Amino acid sequence: MNKLSVIITGILVTIAFSWAGLVLTSHVQLGALEHHVDELSGDSFPPPRAGIARRGKKTYQELGCVACHTQQVRRPRDEETWRLPYGYAGDIERGWGERQSVARDYIRDEVVLLGTRRVGPDLMTVGGREDTREWHHRHLYDPRINTPGSTMPSYSFLYKTRAVDDDPSPRALDLPEGFGAPAGYEVLPTPRADALVQYLLSLRMDYELPEVPAENE
Amino acid sequence: MSDSSSHPDSSTNRGGATGLQPFGLRAIDTSMRVPAVVFGAMSVLWLFVATLFALITSFKLHTPGFLGQWELLTFGRVQPAYMTMFLYGWATNAGFGVAFWIMARLSRNTLQAGVTLYTAAAFWNVGVLVAIFGILIGHLNPHKWLEMPGYAAPLLFVAFALIAVWAVLTFRFRRSDYSYVSQWYLLAALFWFPAIFGIACLMLVYAPARGVVQSVVGMWYAHNLYALWLTPIGLAAAYYFIPKILGKPVHSYYFAAIAFWTYLVFASWAGTQHLAGGPVPAWIISSGIVGSLLTLFPVVIIGINHHVSMAGNFGKLRTSPTLRFVYFGAVAFTSVSILTAFTAFRSVREVVQFTYFMDGQMQWGIYAWFTMAMFGALYYIMPRVLNREWPSAMLIRLHFWTCASGIVLYVLAMCIGGWIQGIQINNPGAYPDFVDVVGNTMPWLVAGSLAGILLLLGHAAFAIHFFWILLRPEIPDESRSKLFKEPKHMKVAVK
């Protein structure tokens, strides 16, 4: 082990081995996944996202929501082999999705937001759970309106407060006592807030894919 | 291996690859003064700022309103900014400083082409600054430990290329007959980093791979940044300083070589177990599990090499701050590797995945192991390159005890709190409201913040001390040999 060339060659071999084995192989296996076309309706799944929701996804990335939220419904517990009262089953039992999410669910995303930490709930299907604009706007403005005790930060900087002139805006947030703007003022979402909410509403897994086992439903 | 019979720095070398006379330690140390101070000072400054950001992050977890009104300081940006500062600002600058110095000393060569290093330092630190600024204004990526924007990465890459070339040339033109364990690890680190960094930037930022391939690449990068960039530098330090301070040679070079190669092969496959249960094929997760288990093999050998040398010498922990920090790190390295293998098991992972437990485990690796080892190394290197003494034993003690207790408190809080959190998340029957689970983590998060305050105190003590020693007068040459003892001849039996 006294020769530079021997050591460096060995090191390069370990790099190549790990890269080819993990990165290249998964790229070959998953990199060519196509969307699934339903034979009856001709629709393709996962469905593409609307333009405004795609802009909202950008806002989601810019604000770093991924630091606290995952977007993946994990494989359910295998009752046969795992009997303790916990397991990945929690994801589906909590209503975070009706089936596990699979690789194909993510192929439309230019940037994948699987996440690694669940300070808050999983958001893979949050658009199906909370399906109104109003709920999300209120929640982003101050999460403690909808969920007392929440530790999610407020994103009130995505909203602007302005004096109500003669005609109040129909888009103003309907905020409860104690959270709203002072009398004579109203809170309006900025375009970024609107886009972000459209993105959250677009987070659903309400379609089926052939590779997901049916018993997960 | 038969020629590796001499201890690092022993003066029995005859001239090495170049056939030239090796330089004396004094000359080498003095020639390394500027790069060591530059990288050391940058690392200490980044560490301090990173700790402030870590505290903000930690406070926000239990007090969401804290500094909440500015988009610039929202949780989702402060957290990645903190990690970027810590990994690329503190850990990597410190790693550079320690790596160069060990490389130069073991190659028995004075600093050559220093301008390469100064240019690299400038590119690197400007790059980190641009990265942090980019993250704070919202140009961040969602990939763990690679949140920096695409425009910052080329600066880091240029810096790194310069550094790797410098290190390879220093090793190539070494004036020593031998190569040492520490040098192997340093070379491995210097090749692994540009490879994973380049591939990850390409496949995640510049030409994003399709779908969840990104998640595989991301995990591969983040894990290897720890396992094949930070850890090898830490191991180089441990292999250098523990024998050096004890005046005992590395226990077994033969085993050290086996451990080195098996570590590179196995550890680089561990890491994908973090995707367990997720939308990737099962073999990817299995490889992570198998990799983490197999990594225990080199870890045990490395551990024997370090811990056997320590046996009967624990008294030296009291007299040598370097040994105290580095050995704390070595113990953490052994234990975090065991912990990583333990949490790779499916039944354990089901509980701890996505919880604060993973933060505890991560900090046990990047802080209790790597950071503590770097502290120890800097305590050894700075007086020698500066030819000055550390002004205050009290500050060193304060630094050690605040950081040691701080990190132990943090890891315990996160691991216990995270375990409880994991069990409750997975048990919707008993805890139907998610926000109750969130509430039950509060005491542990507050404990985490208290630990952060201890760490801030320790880092402040270290920063003050670091800049204080720069202002001290140099010591006269006569007393140098008395103050800085260097073991001379130490033969080991050749296996």
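Guide: The questions below concern this predicted model.

Visitor: What radius of gyration does chain B have, and what does the globule rule give for 495 residues?

Guide: For 495 residues the globule rule gives 23 Å, and the value for chain B is close to this, so the chain is as compact as a globular protein of that length. Along its principal axes, the C-alpha trace spans about 70 × 45 × 45 Å. The radius of gyration of chain B is 22 Å, beside the 23 Å of the rule.

Visitor: What percentage of the contacts in chain B with a separation of 6 or more comes from residues 24 or more positions apart?

Guide: A residue counts as buried under 20% relative accessible area, and 67% of the 495 residues of chain B count as such. As for the contacts with a separation of 6 or more, the share from residues 24 or more positions apart is 84%.

Visitor: Are α14(B) and α16(B) roughly parallel or roughly antiparallel?

Guide: Helix α14 (residues 393–425) and helix α16 (residues 442–470) of chain B pack with their axes 8 Å apart, at an angle of about 155°. Angles over 145 degrees count as roughly antiparallel. Therefore α14(B) stands to α16(B) as roughly antiparallel.

Visitor: Is the crossing of α14(B) and α16(B) left-handed or right-handed, and how do the residues of their contact divide?

Guide: The crossing of these two helices is left-handed. The residues of the contact of α14(B) with α16(B) divide into 23 nonpolar, 9 polar and no charged.

Visitor: Is B:Arg108 buried or exposed?

Guide: B:Arg108 lies in the loop between α3 (75–106) and α4 (114–136) of chain B. Its phi is near 55°, a positive value in a residue other than glycine. Because its relative accessibility is 7%, B:Arg108 counts as buried.

Visitor: What is the relative accessible area of B:Trp145?

Guide: B:Trp145 belongs to the loop between α4 and α5 (153–172) of chain B. Phi of B:Trp145 is near 70°, a positive value in a residue other than glycine. B:Trp145 is buried, and its relative accessible area is 4%.

Technical notes: Residues numbered from 1 in each chain as written. Chains lettered and ligands numbered in written order. Predicted model: local features only at pLDDT ≥ 70, side-chain atom pairs only at ≥ 80, totals over all residues. Heavy atoms only, no water. Axes fitted to C-alpha atoms, helices over the stretch in contact; angles between N-to-C directions. Helix = DSSP H or I, 4+ residues; strand = E, 2+ residues; numbered from the N terminus. Parallel < 35°, antiparallel > 145°, perpendicular 65-115°, else oblique. Left-handed = near helix turned anticlockwise from the far one by under 90°. Nonpolar A, V, L, I, M, F, W, Y, C, P; charged D, E, K, R; others polar. Rg over C-alpha atoms; globule rule 2.2 N^0.38 Å. Buried < 20%, exposed > 50% of the residue type's maximum accessible area, 1.4 Å probe, protein only. Contact = heavy atoms within 4.5 Å.
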